[in-house]
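Here is a short report on one protein. Look at the model first, then read on.

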Amino acid sequence: FNQMRERGVRPNVVAFNLMLNIYARVGDTAAVMRSLREMHKAGIPADRASFNIAFKSLLKSADVTGASTLVKEMQAHGVEPDAVIYVAIIAVCARAKDSEAAENWL
């Protein structure tokens, strides 16, 4: 990824999603969120896959607040949550053992 930039190749959404997926798999939620912000700054709109990957990371960390914030960020970028996203949010709540938050998303 860094080599792409060093060689003057501008990463696209596919390259960013690959990095997001790597960060999510190793549980580095902070890097996932940082990369989403970096995409936005670079003028590369995050797509539904980008946000799905971010939710995968939040699920691992059981970050209910982060999931709620991410939904708002999605909507601000014109991506409306679908059934997959709602299931992911509820799964984050379940992992955090926050049944009240899960019920609020139903």
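## Overall build

Buried residues make up 36% of the 106 residues in this protein. The model is a predicted one. It holds seven helices and zero strands. Read from the N terminus, the order of elements is α-α-α-α-α-α-α. The radius of gyration is 14 Å, close to the 13 Å that the globule rule gives for 106 residues, so the protein is as compact as a globular protein of that length.

The C-alpha trace spans about 50 × 30 × 15 Å along its principal axes. Now take the contacts between residues at least 6 apart in sequence. Of these, 56% join residues at least 24 apart.

## Surface and charge

The protein exposes about 6,200 Å². Carbon and sulfur atoms supply 55% of that area.

Charged side chains come in two sets. There are 13 positive and 11 negative side chains. The centres of the two sets lie 8 Å apart.

## Helix H4

Helix H4 covers residues 48-61, which is 14 residues. From its first C-alpha to its last it reaches 20 Å. That is close to the 20 Å expected at 1.5 Å a residue.

Which residues of H4 are buried? They are Ser50, Phe51, Ile53, Ala54, Phe55, Ser57 and Leu58. What do the buried residues of H4 pack against? Their partners are H2, helix H3 (29-41), helix H5 (64-76) and helix H6 (83-95).

Asn17 sits in helix H2, which runs over residues 13-25. Is Asn17 buried or exposed? Its relative accessible area is 10%, so Asn17 counts as buried, because the cut-off for buried is under 20%. Leaving out residues up to four places away in sequence, Asn17 touches Met39, Asp47, Ala49, Ser50 and Ile53. Among these, Ser50 and Ile53 are also buried residues of H4.

Val14 is found in helix H2 as well. Val14 has 58% relative accessibility, so it counts as exposed. The cut-off for exposed is over 50%. Val14 and Ser50 are 36 residues apart in sequence, but their C-alpha atoms are 8.9 Å apart in space.

Ala46 belongs to the loop between H3 and H4. With a relative accessible area of 14%, Ala46 is buried. What does Ala46 touch, not counting residues up to four places away in sequence? It touches Leu36, Met39, Phe51 and Val79. Met39 is also touched by Asn17.

Most residues other than glycine have a negative phi. Ala62 has a positive phi of about 55°, although it is not a glycine.

Where does Lys97 lie? Its place is the loop between H6 and helix H7 (99-105). Lys97 is exposed, with a relative accessible area of 75%.

Terms used:
Residues are numbered from 1 along each chain as its sequence is written. This is a predicted model: local features need pLDDT of at least 70, side-chain atom pairs count only at pLDDT 80 or more; totals for chains, interfaces and linings use all residues. Side-chain values use heavy atoms; hydrogens and water are left out. Helices (H or I, at least four residues) and strands (E, at least two) are DSSP runs, numbered from the N terminus. Buried means under 20% relative accessible area, exposed over 50%, partly exposed in between (1.4 Å probe, protein chains only). Contact means heavy atoms within 4.5 Å. The radius of gyration is taken over C-alpha atoms; the globule rule is 2.2 Å times the number of residues to the power 0.38. Accessible areas come from the Shrake-Rupley method with a 1.4 Å probe; for residues, only the protein chains shown count as cover. Lys and Arg count as positive and Asp and Glu as negative; His and the chain ends are not counted. The place of a charge is taken as NZ of Lys, CZ of Arg, CG of Asp or CD of Glu. The expected span of a helix is 1.5 Å times one less than its number of residues.
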